[in-house]
Amino acid sequence: MESLAQLEALCERLYNSQDTAERARAESTLQCFSVNTEYISQCQYILDNASSPYALVLASSSLLKQVSEHTLSLQLRLDIRNYVVGYLATRGPELQPYVTGSLIQLLCRITKLGWYDDDRFREIVKDSMNFLSQSTTEHYCIGLKILNQIVAEMNQPNPGFPLTHQRKIACSFRDLALFQIFQISITSLQQLKNDIDKRLKDQALSLALKCLSFDFVGTSLDESSEDLGTVQIPSSWRPILEDTSTLQLFFDYYAITKPPLSKEALECLVRLASVRRSLFSNDTERSKFLAHLMTGTKEILQTGQGLADHDNYHEYCRLLGRFKVNYQLSELVNVEGYSDWIRLVAEFTLKSLQSWQWASSSVYYLLGLWSRLVTSVPYLKSDMPSLLDEFVPKITEGFITSRFDCVQAILPDDLSEDPLDNVELLQDQLDNFPYICRFQYESSSLYIIKLLEPILQTYTEGVRLPISGDNDDLSIIEGQLAWLVHIIASIIKFKPSTSSSSEPQEIIDAELAARVFQLLQITDTGSHVQRYSQISKQRLDRAILTFFQHFRKSYVGDQAMHSSKQLYSRLSELLGLQDHLMVLNVIVGKIATNLKCYTQSEDVIEHTLALFLELASGYMTGKLLLKLDTVKYIIGHHTRDHFPFLEEYKCSRSRTTFYYTLGWLIFMEDSPVKFKASVEPLRQVLISLESTPDTAFRTDAVKYALIGLMRDLRGIAMATNSRRTYGLLFDWLYPSHMPLLLKAVAHWTDTPEVTTPLLKFMAEFVLNKLQRLTFDSSSPNGILLFREVSKLIVAYGTRVLSLPTPADIYTYKYKGIWISLTILTRALAGNYVNFGVFELYGDRALADALDVALKLTLSIPLADIMAFRKLTRSYFALLEVLCNSHINVIVNLDTSTFAHIVGSLESGLKSLDSSISTQCASAVDNLAAFYFNNITVGEAPTLPAAVNLAQHIAECPRLFPEILKTLFEIVLFEDCANQWSISRPMLSLILINEQVTLQL
């Protein structure tokens, strides 16, 4: 740098320039400050002399990087620390906030990394106190910012910093400093109560929240999770939490501040409400704390203060939700003022349900509170009334009414915003409702039936209405019916397990289920058959499918049938459905109707097929399905004439599920004749495509026929789970129909829409799951199958390598490559081919396939292999198989290629995906063991492979030692889930690198 002015200009360009190239040039020039440790003194010079805030940020951020990524001497780190503290004290008040923030982050990072190196690093709280004791507001603010940053820094892991060491420092900080910092935050909040400076209040509240959110016991759980709802505050904090003024302080702050500060005060209260039970010295103190919480929340409900703000409202709902997570119902009812509190909470819940558009995400916490309250009633031993009998039915009715209102409110607006379309939100809203509803099931069910009957009547009358394209009234009715069906489905899903209460509840289940089955008799009749394109009709049908899924789990199957006599007895009286076979017939009838009538809606088709697959793959339900005429019809007529969705390209993904399900059903019957009859429509498609001349093979008709056929075949291949069923499919396809695959690849290599389903079918076809590819000892089928694999990989690989580089390289190149590698890996590891045969008889099938596979992998930069997860997995899976069973292929490569592959294994060992690092460890172990057995312990190597390996290692002597070093670092400093697998290759590597190991 010629001058400081030049540097300041460069920094301004780095942080302010709109031109990307100019910013990149500035970054490249200034990079030396953060990379080279010799520039640390220059960073100090910049901080002392520069006037530009951008130059100051560059200096502090460069120092931060130096401290984080380089091992600096203890004295140098102490000097930097003391310098920053002094700098903040003298120049801090006049600096820009972002400069101050960067310097404070530097100070806290040095403190954390040096926590165990010298006690002087631990004086950060004392230094902060010096700032707080200054007379100026700016110094006070800097002191609070330092404390905020050190708590945040200690609570988060740093990349490249061992987690065990990180946790050790965090625990020491928790024990030595965190309580004192929390006390400072409480004292500051008390002092700042009447202060007009919002910044200081913000910093003090934020500090209290960070202290309460600290990961006290190293669980690293998401604080919004409701599973482990306790904050594990240390026992030394007991006096300050039992002091009533602490809790009151946060209620006061909520009252006197505006958002976002008031939201932070509520967040602190949420943490305090979640404090572990054992922290309190006795039950009296805990009850006092609970009473204070209830009084505070009651006052907020009475005044409604701050609840008009959405963030406050959401956080307040979370606070109410914590009451039953952390306290027993018996404790709540014994608190003085419980009756007023529960009444106000009930009113608040009803109001929230009415404002569903505004409070949809917050209602989840309120419904969670009520569901936990009602499930605790059987265990309530207190004489005090819980008053739930009075309020819960109102909440049940309020919830259902609010769902009705939302249908009418949404219809004129954007239909895509309907909660019925958001599966996760719908699940959240309905998860807790069944418990509330079953609390007083009789009255709740009567209310549902009272609402449902008139709507059902109107919908029945709609059958006779003249057919019109769009009917808003009918859409509203369908929306309301969809909600009611979803609600009934959620209730049926949570069937009570205790026998005493289940019988009367079963009869009510039957009453509600009967209404849905009644609705089913109407939905696909009269004018309703013209409404399949309407979104409201699709939502209703999806709700019915959800009902079927839950009803099947609760009441269909041998076990469920025997324990549900009351339900079937009542269904028989109401609708004549005497047993689960009749119910299955109704369900399958609806499945067939949906598959026939829906051609455009992917969602309904997918949902329908998911239900069909559930039924077919269940052991009992699958057997029962084969008795039904509808299922026999589907198996015999699976063509586009009967099921038009098969012709829709956008539904083509669903074809795999459809044929997977059909395959399940076809293979349940041990009959080659029935199998051939069932797949006859597919044979006709195969023959048609095989007879198409090459000149006409690049047409859209052929393209879509191929895509559909490959998805269909993959579905059937997925359903073959035994040697017998796989044999049926193999004999049907091989040898007559296999050439079509090569023909398709030859004509369509540049079109991933065709090659992807084709390759995925082949990947499924060669997968030896459940030992289904077990041929007779005299059968050549395993070898013949591998030859087909080889032809396909060579045909696809050679062509894809010659294609120009596309814009979307993953879709057009990498995706096909990773599936090809998967095919080869599965074939090599399937244990159904004796690969020695190929070399013995001079067959090039194995050599050609491996040659093309290696060319494919070497055509992709290692950075790209590591960037795409599926490509990474297939690449390392292939390397593992090669190193295990075909090590000659790897060691016979030239040295640079061998070094590249072994280097990639080292990259894979560092992967966060444990399955990948395990595969790499296995590959390295095999390589090192081969070296040890053939070179280290033997005399002069005689095998050509051993000679080659010795030559590679002689030319690249650091290959194995670098991997050993990496393994030591992973095992010693990282928390890896697969430590046993990772440490396995270490023995082999140590044995072949004894001298290097001693140096490590």
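In this predicted model, three helices, α12 (238–242), α13 (244–256) and α15 (283–303), each contribute at least two residues to the lining of the second largest cavity. Of these, α15 provides the largest share, with four residues. The lining is made up of L241, E242, D243, T244, L247, E285, K288, F289 and H292. Sorted by class, the residues around this cavity comprise three nonpolar, two polar and four charged ones. Five cavities of 30 Å³ or more were counted in the model.

The largest nonpolar core contains 341 residues, and W370, F547 and F551 have the most contacts inside it. Helix α25 (residues 472–493) gives the most to this core, supplying 13 residues. Nonpolar side chains tend to be buried together in soluble globular proteins. For F551, the contacts beyond four places in sequence are with I492, A513, F517, V556, L567, Y568, L571 and V583.

A further site was examined in helix α46 (residues 869–885), which includes S874. The relative accessible area of S874 is 5%; this residue is therefore classed as buried, the cut-off being under 20%. When neighbours within four places in sequence are set aside, the contacts of S874 are with W818, L821, T822 and T825.

Note on methods
Residues are numbered from 1 along each chain as its sequence is written. This is a predicted model: local features need pLDDT of at least 70, side-chain atom pairs count only at pLDDT 80 or more; totals for chains, interfaces and linings use all residues. Side-chain values use heavy atoms; hydrogens and water are left out. A nonpolar core is a set of buried Ala, Val, Leu, Ile, Met, Phe, Trp, Tyr and Cys residues joined through side-chain atoms within 4.5 Å. Buried means under 20% relative accessible area, exposed over 50%, partly exposed in between (1.4 Å probe, protein chains only). Contact means heavy atoms within 4.5 Å. On a 1 Å grid over the protein atoms alone, a cavity is a set of points where a 1.4 Å probe fits but cannot get out, and a pocket is an open set with protein on both sides within 12 Å along at least five of seven lines; lining residues have an atom within 4 Å of a point. Grid points are joined across faces, edges and corners, and a volume is the space filled by probe spheres set on the points. Ala, Val, Leu, Ile, Met, Phe, Trp, Tyr, Cys and Pro count as nonpolar, Asp, Glu, Lys and Arg as charged, and the others, Gly among them, as polar.
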